[in-house]
Amino acid sequence: MSSADAARRSWSARSNDEDAIFMKDGYPVAFFFHPSVREGRDVLEQEITRHGGDVCEDEQQSNVILVDEEADIEHIRRRYYRSKVFWQQRVYIERRDFVPRCIRAGKYEHGRPPRKGMPGAPVGRIRVPFTAEDDENLAFYIATVYPSVFDGGRTGNRLYQELTEELADEPEYSDWAKRHTWQSWRERYRKNRVRFNPMIARYAAQLKDVTHGLGHDPRSRQYRREMRAQREEEEEESDRELEQQAEGGAGPDDLDNRAPDRVPQAHNQAASR
């Protein structure tokens, strides 16, 4: 009898007394703990072995790799599933709660990971028509970021990605930001900018006295021009001060107190008497 058949018989005999949930084709399912699983390993290992499975120390010999709930499982799955190494392609990546879920269900079964399609509206999603209120909300949002059409940036991707991904859970945006994808919001403005720009200008004028002011978004071209001019002016002023110090040997506090013959005046002439 081969060693494989002996192992099969041994595990089959062992599993008669327990619910052999973690058995496949007569062999125990081998689990490996991902480094993200730092606590509760002992309890999980007991549950796995009690229900017919095994825990191995070599991930290449495993059928299932368990990761912690706090770990980025999608990133880990991409690392394994897109690998050219065969064992990484065949292994399953599951969260640690996969074990109790199988035990409760009474069977060892993997669900298919949700497929993520190309950017744009998800497959099967019904296109939501734009409303006048959507347009007003979009115009107001753009006005708060790029109040002037000369700032640029209104057709960039990041503006609309921030709206749907970073701001959508904020109270001011939660009712409408996710009604459309970021690509749809961008195309809505891009194809209707002649109509949108006056709307944005109207909101920008209203916001002028109550927000950060026009042209102060760090991504706007106007803001960058203003900051560059300010830096150049500061550098020129610094150069003038250094030149004055080199010529007269005076400190910064004395530069504005020079007598016409380039001799520094005292701040308090009474003190010299």
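Reader: Which residue of S6 stands opposite Ile-65?

Author: Ile-65 stands opposite Ile-93 in S6. As for the labels, helices (H or I, at least four residues) and strands (E, at least two) are DSSP runs, numbered from the N terminus. This is a predicted model, in which local features need pLDDT of at least 70 and side-chain atom pairs count only at pLDDT 80 or more, while totals for chains, interfaces and linings use all residues. Residues are numbered from 1 along each chain as its sequence is written, and side-chain values use heavy atoms, with hydrogens and water left out.

Reader: How many bridges join S5 to S6?

Author: Two strands pair if DSSP finds at least two bridges between them. Here four bridges join strand S5 (residues 64–67) to S6, and the two run parallel. Leu-66 stands opposite Glu-94 in S6. Strand S3 (residues 30–33) also pairs with S5 in the parallel sense, over three bridges, and Phe-31 stands opposite Val-64.

Reader: In what order do the four strands form the open sheet, and which strands stand at the edges?

Author: The order is S4-S3-S5-S6, with parallel pairing. Strand S4 (54–55) and strand S6 (92–95) stand at the edges; each has a single partner strand, so one side of each lacks a neighbour in the sheet. Helix H3 (residues 73–81) packs on the sheet and touches S5 and S6, where touching means contact, with heavy atoms within 4.5 Å. The direction of H3 makes about 170 degrees with that of S6; such angles run from 0 to 180 degrees between N-to-C directions, and axes are lines fitted to C-alpha atoms, for helices over the stretch in contact.

Reader: Which way do the residues of S5 point?

Author: Val-64 and Leu-66 point one way, Ile-65 and Val-67 the other, and all are buried. Buried means under 20% relative accessible area, exposed over 50%, and partly exposed in between (1.4 Å probe, protein chains only). In the protein chain, 33% of the 273 residues are buried.

Reader: Is Asp-25 buried or exposed?

Author: Asp-25 counts as exposed because its relative accessibility is 61%. Asp-25 is found in the loop between strand S1 (23–24) and strand S2 (27–28). As for backbone angles, most residues other than glycine have a negative phi. Asp-25 has a positive phi of about 55 degrees although it is not a glycine.

Reader: What about Ser-148, buried or exposed?

Author: Ser-148 has a relative accessible area of 16%, so it is buried. Ser-148 is found in the loop between helix H6 (132–145) and helix H7 (157–166). The C-alpha atoms of Ser-148 and Asn-197 are separated by 8.9 Å, and these residues are 49 residues apart along the chain.

Reader: Where do the buried residues of H8 fall, seen down its axis?

Author: The arc to read is that of the directions from the helix axis to the C-beta atoms. Helix H8 (residues 182–191) has Trp-182, Gln-183, Trp-185, Arg-186 and Tyr-189 as its buried residues. They fall within an arc of 160 degrees, so they line one face of the helix.

Reader: At what angle do H2 and H5 pack?

Author: Helix H2 (residues 41–50) and helix H5 (residues 98–105) pack at an angle of about 35 degrees, and their axes are 10 Å apart. Leu-44, Glu-47 and Ile-48 of H2 make the contact with Val-99, Pro-100 and Ile-103 of H5.
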